[in-house]
Amino acid sequence: MMKTTATLCLVLALTGPSIAFAHADGMQMDMKGMANPKEKNQPGIHQTTAVVKAVDAGKGKVTLAHGAIASLNWPPMTMAFSVKDKRLLDKLVVGSTVNVELVKEGSGFTVKAVK
């Protein structure tokens, strides 16, 4: 009886890790974008919803009161942005709520798209 118990313990000890690895190999989860929120969008593009507070067409700037931007670790705030393509200014009407895409340019961020 003692020999059988010892043999059983040895077999379980030797096969236990194999069973655990086989189980782990069979488990797959799509973790893409969970560890790094930036991966949800195209690299370097950050999205947010914002209310247009002011538009300065002459300088090509817009002031937005935007929500939190997780990919930049920014809280909600109001700030001015340059606009990459001046034609986007037509979509930026004071008081309207818009979805914008921001990209890093130089030391600041620029509105790349308005949806």
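Me: What does N73 count as, buried or exposed?
Reply: N73 counts as exposed, because its relative accessibility is 70%, where exposed means over 50% relative accessible area, buried means under 20% and partly exposed is in between, with a 1.4 Å probe and protein chains only. This is a predicted model, in which local features need pLDDT of at least 70 and side-chain atom pairs count only at pLDDT 80 or more, while totals for chains, interfaces and linings use all residues. Residues are numbered from 1 along each chain as its sequence is written, and side-chain values use heavy atoms, with hydrogens and water left out.

Me: Where is N73 found, and what is its phi near?
Reply: N73 is found in the loop between β2 and β3, and its phi is near 60°, a positive value in a residue other than glycine. Strands here are DSSP runs of E with at least two residues, helices are H or I runs of at least four, and both are numbered from the N terminus.

Me: And I69, buried or exposed?
Reply: I69, which lies in the loop between β2 (61–66) and β3, is buried, with a relative accessible area of 0%.

Me: What is I69 in contact with, apart from its neighbours within four places in sequence?
Reply: Taking contact as heavy atoms within 4.5 Å, I69 meets H46, Q47, T48, W74 and L102 once those neighbours are left aside. The C-alpha atoms of I69 and T49 are separated by 9.0 Å, although these residues are 20 apart along the chain.

Me: Stepping back, how many helices and strands does the chain have?
Reply: The chain has one helix and five strands, and from the N terminus on the elements run α-β-β-β-β-β.

Me: Which way do β1 and β4 run?
Reply: Strand β1 (residues 45–56) and strand β4 (residues 97–105) run antiparallel and are joined by seven bridges, where two strands pair if DSSP finds at least two bridges between them. To find the pairing in the model, look at A50, whose bridge partner in β4 is V98.

Me: What about β4 and β5, how many bridges there?
Reply: β4 pairs with strand β5 (residues 108–114) over six bridges, again in the antiparallel sense, and V103 stands opposite T110 in β5. β4 and β5 form a hairpin with two residues between them, and G106 in the turn has a positive phi of about 65°.

Me: New topic: how many residues are in the largest nonpolar core?
Reply: That core has 18 residues, and those with the most contacts inside it are V62, L64, F81, L92 and V111. β1, β2, β3, β4 and β5 are the elements that give two or more residues to this core. A nonpolar core is a set of buried Ala, Val, Leu, Ile, Met, Phe, Trp, Tyr and Cys residues joined through side-chain atoms within 4.5 Å.

Me: Where is F81 placed, and is it buried or exposed?
Reply: F81 is in strand β3 (residues 77–83) and is buried, with a relative accessible area of 1%. Beyond its neighbours within four places in sequence, F81 is in contact with residues including W74, L102, F109 and V111.

Me: How much of the whole chain is buried?
Reply: Buried residues make up 25% of the 115 residues in the chain.
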